[in-house]
6 protein chains.
Amino acid sequence: MRSVVISLGGSIISMEKLNLELMKSVSSTLQKINTYDKYGIVVGGGRLARTYISDLKAYNVNDNILDEIGINATRINALALTTFFDDVNSKIPTTINDAAEMIHNYRYVIMGGTEPGHTTDTVSTLFAERIGAKILINATSVDGVYSEDPRKFKNAKKFDKISYDDAIKISVNNSIGAGTNVFMDITSLTIAKRAGIKIFVINGMDMDEYINILNYERCNGTVIS
Amino acid sequence: MRSVVISLGGSIISMEKLNLELMKSVSSTLQKINTYDKYGIVVGGGRLARTYISDLKAYNVNDNILDEIGINATRINALALTTFFDDVNSKIPTTINDAAEMIHNYRYVIMGGTEPGHTTDTVSTLFAERIGAKILINATSVDGVYSEDPRKFKNAKKFDKISYDDAIKISVNNSIGAGTNVFMDITSLTIAKRAGIKIFVINGMDMDEYINILNYERCNGTVIS
Amino acid sequence: MRSVVISLGGSIISMEKLNLELMKSVSSTLQKINTYDKYGIVVGGGRLARTYISDLKAYNVNDNILDEIGINATRINALALTTFFDDVNSKIPTTINDAAEMIHNYRYVIMGGTEPGHTTDTVSTLFAERIGAKILINATSVDGVYSEDPRKFKNAKKFDKISYDDAIKISVNNSIGAGTNVFMDITSLTIAKRAGIKIFVINGMDMDEYINILNYERCNGTVIS
Amino acid sequence: MRSVVISLGGSIISMEKLNLELMKSVSSTLQKINTYDKYGIVVGGGRLARTYISDLKAYNVNDNILDEIGINATRINALALTTFFDDVNSKIPTTINDAAEMIHNYRYVIMGGTEPGHTTDTVSTLFAERIGAKILINATSVDGVYSEDPRKFKNAKKFDKISYDDAIKISVNNSIGAGTNVFMDITSLTIAKRAGIKIFVINGMDMDEYINILNYERCNGTVIS
Amino acid sequence: MRSVVISLGGSIISMEKLNLELMKSVSSTLQKINTYDKYGIVVGGGRLARTYISDLKAYNVNDNILDEIGINATRINALALTTFFDDVNSKIPTTINDAAEMIHNYRYVIMGGTEPGHTTDTVSTLFAERIGAKILINATSVDGVYSEDPRKFKNAKKFDKISYDDAIKISVNNSIGAGTNVFMDITSLTIAKRAGIKIFVINGMDMDEYINILNYERCNGTVIS
Amino acid sequence: MRSVVISLGGSIISMEKLNLELMKSVSSTLQKINTYDKYGIVVGGGRLARTYISDLKAYNVNDNILDEIGINATRINALALTTFFDDVNSKIPTTINDAAEMIHNYRYVIMGGTEPGHTTDTVSTLFAERIGAKILINATSVDGVYSEDPRKFKNAKKFDKISYDDAIKISVNNSIGAGTNVFMDITSLTIAKRAGIKIFVINGMDMDEYINILNYERCNGTVIS
């Protein structure tokens with residue numbers, strides 16, 4: 001039995017409003033692939049979370065509580081996603097520990113964030129590491145890892161594959177500089193590296209990508225390994 | 001030491017977006033009233049919750065899970081409200097039991113819903129009953145209890161005061177008929193009756209109403225007793 | 001796989017003492033019916049709970065705490081009932097959420113009340129709604145729904161079937177008047193209506209009733225639908 | 001600030017029915033003693049618990065689950081007792097850890113049993129040890145420790161004081177023999193010994209005993225030290 | 001399906017350092033025995049726990065907190081042991097209740113201590129009683145029950161089998177005297193007796209002992225029954 | 001009222017054995033400073049944790065579970081530290097949320113790690129951010145931040161003060177290169193920056209450092225601001 005973790009980025013799960021069409025597509029895509037895989041799915045926050053948070057920021061609210069609010073929003077999104085699956089958890093786990101316990105009982109375990117300081121990408125890699133998943137699908141609104149932010153630089157080059165260390169370098173440079181090309185944070189990449197988790201950064205709206213990864217371990221996005 | 005519970009209706013707490021100005025006003029109003037009161041505040045869901053829920057309804061999602069999602073939204077609103085107070089809980093209690101435990105340690109205890117089947121009005125009366133509060137402020141977008149829905153009937157008459165039984169009758173008639181004049185649900189009114197909790201239904205945007213109730217136990221809305 | 005919820009009323013589960021013979025009969029009846037159904041069973045409080053509560057009432061104890069005590073009594077009854085089943089939960093869930101999580105792992109999930117303000121009938125309908133059960137057996141000491149209280153009115157007429165709205169009307173009239181014919185509370189009936197749960201109100205001591213409902217969806221009591 | 005733990009035996013707290021008069025007396029007695037003491041109170045199960053348990057025993061129910069049921073009964077009794085106090089916990093703690101956390105916030109912390117294999121006497125000594133209480137009042141239906149069971153042997157001699165080791169010997173002899181003179185179990189006595197907790201075994205119906213112990217550390221019962 | 005509980009004593013699980021070789025051997029031994037048994041495994045504290053505790057004792061730390069620290073150490077050992085098994089819990093249960101719930105979902109449930117006042121031997125018998133296990137393997141550093149401490153008395157005689165009452169007598173005499181021959185505490189033996197659990201006290205380093213017990217219910221150590 | 005968080009590094013809290021002398025010194029130093037500060041103290045894992053973990057690594061155990069074991073070890077250390085304080089929590093909180101709740105009730109709240117992927121330094125900054133603490137004392141075995149690892153480079157220069165960005169750069173270079181000069185991880189520094197928390201990196205064995213920071217906000221180590 002293989003385990004796979006999917007990080008469903010907030011940028012695709014919730015835009016103007018909750019992207020229920022996408023949720024439905026992901027659900028039916030995963031159910032079509034007739035394997036015995038177990039799936040951990042970590043859902044991001046999206047626009048609604050950001051709206052709440054940016055409104056509150058104007059009132060000088062503590063960032064840590066804003067993070068908590070953001071995490072609560074991811075859990076609502078996670079709860080919404082569960083309604084498209086059978087053999088799935090009813091309660092949204094709030095720790096990796098609880099999620100690991102649940103994956104024993106369900107084919108799909110869906111969760112959101114855990115605590116301030118951890119992005120949902122980091123939660124995804126921690127979840128993958130804990131249950132021994134060697135495949136992590138990072139489903140985002142950009143179709144892979146680029147040398148520079150593709151929304152800003154026309155000549156940005158997309159990588160087919162890239163090493164953990166090179167990915168970390170790009171992430172670091174953008175984190176500490178003024179860069180905007182942060183496809184995944186450093187902590188999540190570091191954990192993926194130590195656990196040997198193959199990351200597929202893909203356009204999460206393209207269902208063929210999921211199918212190709214799950215059947216053949218290849219994609220049109222970027223593989224980090 | 002007196003205890004007071006305030007039900008901050010979703011209709012005023014969250015409209016186009018989270019009504020942070022109102023949260024700030026309520027906070028500074030309560031802090032201006034220099035008493036030793038303890039406050040339980042129960043926050044509703046509002047428009048954002050309803051958006052999520054109505055979107056999901058289109059996908060035939062289980063009503064019970066929609067209720068859970070709505071409850072999660074009220075807790076996010078409650079968490080946001082805590083940031084405007086000192087001497088307030090950091091975690092949002094999920095049961096009356098936990099809230100009762102917390103009121104011993106804080107001057108303000110803020111919470112949202114508890115479980116499907118209970119409106120936040122019901123949570124408010126249960127909270128009031130548990131901590132022995134004899135005053136419940138029901139802060140809504142309508143400025144009292146009317147004989148008929150004032151948004152539909154020009155001649156609807158506002159009550160200055162009304163008995164529990166009459167309030168229950170109006171609520172029942174609207175619940176089981178096609179009425180839209182449901183200012184509070186039957187369960188919450190029944191609990192208020194058995195516990196002898198005086199309910200002040202007021203326009204929650206009007207800060208003078210809070211001040212008059214807390215200082216003189218009177219208001220321009222409707223008193224149910 | 002079909003899901004069924006049974007509300008075992010306090011009036012039959014616990015009289016002079018805990019009705020263990022009934023528990024045993026229900027257990028062996030359900031096990032005889034060789035289906036793949038999953039069962040949620042919600043147990044009421046009964047006489048022992050009422051004794052405690054009425055004794056405490058004489059000391060002017062807060063009704064909300066009396067409700068808590070009553071809920072604790074239902075959980076003891078639930079724990080007792082688990083001992084007559086295999087493939088059943090060991091811990092009594094205290095929320096619908098936890099119960100829903102458990103029904104994935106066990107064939108029988110047995111629970112009592114959840115929080116003040118909710119009868120065990122309401123818990124039953126919430127549980128049914130959450131797990132998608134379309135059949136609710138309301139096992140009581142009266143053998144159906146009557147036009148009037150059959151213990152008082154000789155000519156009271158038993159309904160074979162009745163609509164949700166008519167059932168709600170009878171319940172309302174008795175709740176707010178001096179009536180004593182409250183077979184189920186309004187909240188539970190409202191939830192059953194919105195979720196389309198067929199309710200069978202039966203004499204819970206008659207094992208044939210359970211068998212007929214589970215095999216043929218008919219009974220000698222009253223069907224609310 | 002001194003800490004005191006009281007073990008309110010089931011034999012006095014709950015006889016034919018819950019002994020609410022005793023609860024009220026203990027409450028007003030403790031409140032009359034105008035000290036700054038903190039009180040841990042551990043409540044036993046009593047007759048109602050035993051009735052349930054003996055009924056279930058006839059159905060060959062697992063002793064461990066019977067213990068759980070008994071523990072649940074002690075918690076209901078504890079909840080009932082809280083209603084006679086102010087500055088007291090609202091939720092009944094289920095571990096010594098939780099109780100220790102609560103004693104920081106309340107003057108009175110009331111609890112029942114914790115887990116199978118521990119009597120409420122053992123819970124009392126563990127609680128006392130944890131919070132550094134050096135006085136344990138063991139309020140029972142017998143007025144002290146006797147050389148033999150005073151209900152059977154007319155000439156049984158009551159000890160004014162007795163050493164831990166002698167108390168343990170009497171307890172052991174009765175535990176492993178056919179004796180019925182088990183005033184406290186071995187585990188509780190062993191913990192009291194290692195922690196140097198002075199135990200006052202008294203007739204729990206006699207309010208003067210509580211007053212004398214709390215004011216002068218003496219009683220008409222037996223002191224184990 | 002048969003249930004078996006194993007008490008892995010601290011004296012063999014953790015000496016100079018954590019005895020991972022033993023953990024590995026026990027794991028592969030149990031997996032070789034091709035039965036459908038379910039296993040509860042309770043792990044002791046060992047030398048590391050004792051080091052922490054004896055260091056803290058020098059600072060007059062509360063024994064109850066030392067017990068808590070010891071219990072935490074047993075849980076770390078339990079967590080370490082889980083890594084040698086599949087179909088095993090991810091979280092270490094902290095109560096018998098939780099462990100009982102888990103045994104439904106896993107073939108192996110591994111835990112440490114529960115609360116101060118209960119040895120891991122007592123936890124083992126409580127766990128066995130709760131899940132109806134009739135076999136308890138007590139894996140220690142001594143190869144059975146002796147008439148006297150075999151490390152001190154050359155002529156100490158090992159029992160092949162011994163009754164519960166005789167075992168309790170030996171345990172009592174050593175507990176209250178200066179004896180050092182306490183192979184199991186009185187509480188654990190008392191529970192084993194009431195539940196009719198057959199205890200096999202064996203040299204836990206000898207894998208053949210486990211095999212013989214699980215296949216033929218016999219051993220070279222001592223059987224208490 | 002001022003809030004201060006102290007990160008007691010594993011390198012000083014636990015060496016050959018638990019450094020109880022240091023615990024005692026820190027406790028009496030903090031109690032001597034007669035202010036109304038509230039303290040959060042986060043305790044690291046130290047040598048004992050590392051021994052367990054390195055032993056298990058030899059058996060190819062999942063890094064995530066090793067992290068869990070390390071976190072459990074920090075909690076044992078935290079529990080040990082609580083015994084040197086009054087007005088301190090009894091249970092070790094496992095989330096920032098719980099710790100924030102506790103700081104309302106105690107002068108000192110002591111905790112260890114929270115979840116895999118977060119160092120105790122990160123937990124310290126999250127805790128500080130949540131409770132609005134503007135001072136974080138990072139008590140380590142090195143007496144400040146150096147340009148290079150002072151244990152390897154004789155000419156390494158110690159900074160008196162350094163900006164957040166420069167500190168992050170040093171940390172990054174060492175994290176992704178082969179460097180060993182990682183005084184604090186990137187996540188913790190990033191949170192300190194966004195929350196404006198002044199970090200004092202000091203030799204944690206030198207009690208004068210604590211006194212100078214708490215009285216005058218200066219030290220002989222390095223200030224990051």
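**Exercise 1. The salt bridge between chain B and chain D**

Task: In this predicted model, which side chains of chain B and chain D meet in a salt bridge, and how many salt bridges does the rule find across this interface?

Solution. 
Step 1. The side chain of Lys91(D) is paired with that of Asp98(B), with a distance of 2.5 Å from N to O. The cut-off for a salt bridge is 4 Å between a side-chain nitrogen of Lys or Arg and a carboxyl oxygen of Asp or Glu, so the pair qualifies.
Step 2. Across the interface of chain B and chain D, the rule finds 1 salt bridge.
Step 3. Polar contacts are counted separately: 6 residue pairs between chain B and chain D are in polar contact, both residues being at pLDDT 80 or more.
Step 4. On the side of chain B that touches chain D, helix H5 (residues 96-103) of chain B gives the most, with 4 residues. By class, that side has 1 nonpolar, 3 polar and 3 charged residues.

**Exercise 2. The area between chain B and chain D**

Task: State how many residues of each chain are in contact, and describe the area buried between chain B and chain D.

Solution. 
Step 1. In this interface, 7 residues of chain B are in contact with 7 residues of chain D.
Step 2. The two chains bury about 600 Å² between them, and carbon and sulfur atoms give 39% of that area.
Step 3. Of the area that chain B buries against chain D, 69% is supplied by Glu101(B), His104(B) and Asn105(B), more than by any other three residues.

**Exercise 3. The interface of chain A and chain F**

Task: Describe the interface of chain A and chain F by its contacts, its buried area and its salt bridges.

Solution. 
Step 1. The contact involves 25 residues of chain A and 25 residues of chain F.
Step 2. About 2,100 Å² is buried between chain A and chain F, with 49% of it on carbon and sulfur atoms. Asn64(A), Glu115(A) and Arg130(A) supply 25% of the area that chain A buries against chain F, more than any other three residues.
Step 3. The rule finds 4 salt bridges across this interface. One example joins Arg194(F) to Asp67(A), with the closest N and O atoms 2.8 Å apart.
Step 4. There are also 19 residue pairs in polar contact across the interface of chain A and chain F, both residues being at pLDDT 80 or more.
Step 5. Several helices of chain A each supply at least two residues of the side that touches chain F, among them H6 (120-131) and H7 (164-176). The largest share of that side, 5 residues, comes from H4(A). By class, the side of chain A that touches chain F has 9 nonpolar, 8 polar and 8 charged residues.

**Exercise 4. The relation between chain A and chain F**

Task: What rotation superposes chain A on chain F, and how are the two copies related?

Solution. 
Step 1. Chain A is superposed on chain F by a rotation of 180° with 0.0 Å of shift along its axis, and the RMSD is 0.0 Å.
Step 2. The two copies are therefore related as by a two-fold rotation axis.
Step 3. The same surface serves both copies, since 100% of the contact residues of chain A recur in chain F.

**Exercise 5. A helix enclosed by several chains**

Task: How many of the 8 residues of helix H5 (residues 96-103) of chain C are buried, and what covers them?

Solution. 
Step 1. The buried residues of H5(C) are Ile96(C), Asn97(C), Ala99(C), Ala100(C), Glu101(C), Met102(C) and Ile103(C).
Step 2. Because 7 of its 8 residues are buried, H5(C) is largely enclosed by the rest of the structure.
Step 3. The cover includes elements of chain C, among them strand S2 (38-43) and helix H6 (120-131).

**Exercise 6. Two residues compared by accessibility**

Task: Is Glu68(D) buried or exposed, and is Asn60(E) buried or exposed?

Solution. 
Step 1. Glu68(D) lies in helix H4 (residues 63-82) of chain D. Its relative accessible area is 6%, under the 20% cut-off, so Glu68(D) is buried.
Step 2. Beyond its neighbours within four places in sequence, Glu68(D) is in contact with Leu79(C), Pro116(D), Asn97(E) and Arg130(E).
Step 3. Asn60(E) is found in the loop between helix H3 (46-57) and helix H4 (63-82) of chain E. Its relative accessible area is 71%, over the 50% cut-off, so Asn60(E) is exposed.
Step 4. Most residues other than glycine have a negative phi. Asn60(E), although not a glycine, has a positive phi of about 60°.

Notes. Residues are numbered from 1 along each chain as its sequence is written. Chains are lettered from A and ligands numbered from 1 in the order in which they are written. This is a predicted model: local features need pLDDT of at least 70, side-chain atom pairs count only at pLDDT 80 or more; totals for chains, interfaces and linings use all residues. Side-chain values use heavy atoms; hydrogens and water are left out. Contact means heavy atoms within 4.5 Å. Buried area is the accessible area (1.4 Å probe) that two parts lose on being put together, summed over both. A polar contact is a pair of N or O atoms within 3.5 Å; within protein, one must be able to donate a hydrogen and the other to accept it, and residues adjacent in sequence count only if both atoms are side-chain atoms. Ala, Val, Leu, Ile, Met, Phe, Trp, Tyr, Cys and Pro count as nonpolar, Asp, Glu, Lys and Arg as charged, and the others, Gly among them, as polar. Copies are superposed by least squares on the C-alpha atoms of residues with pLDDT of at least 70 in both. Buried means under 20% relative accessible area, exposed over 50%, partly exposed in between (1.4 Å probe, protein chains only).
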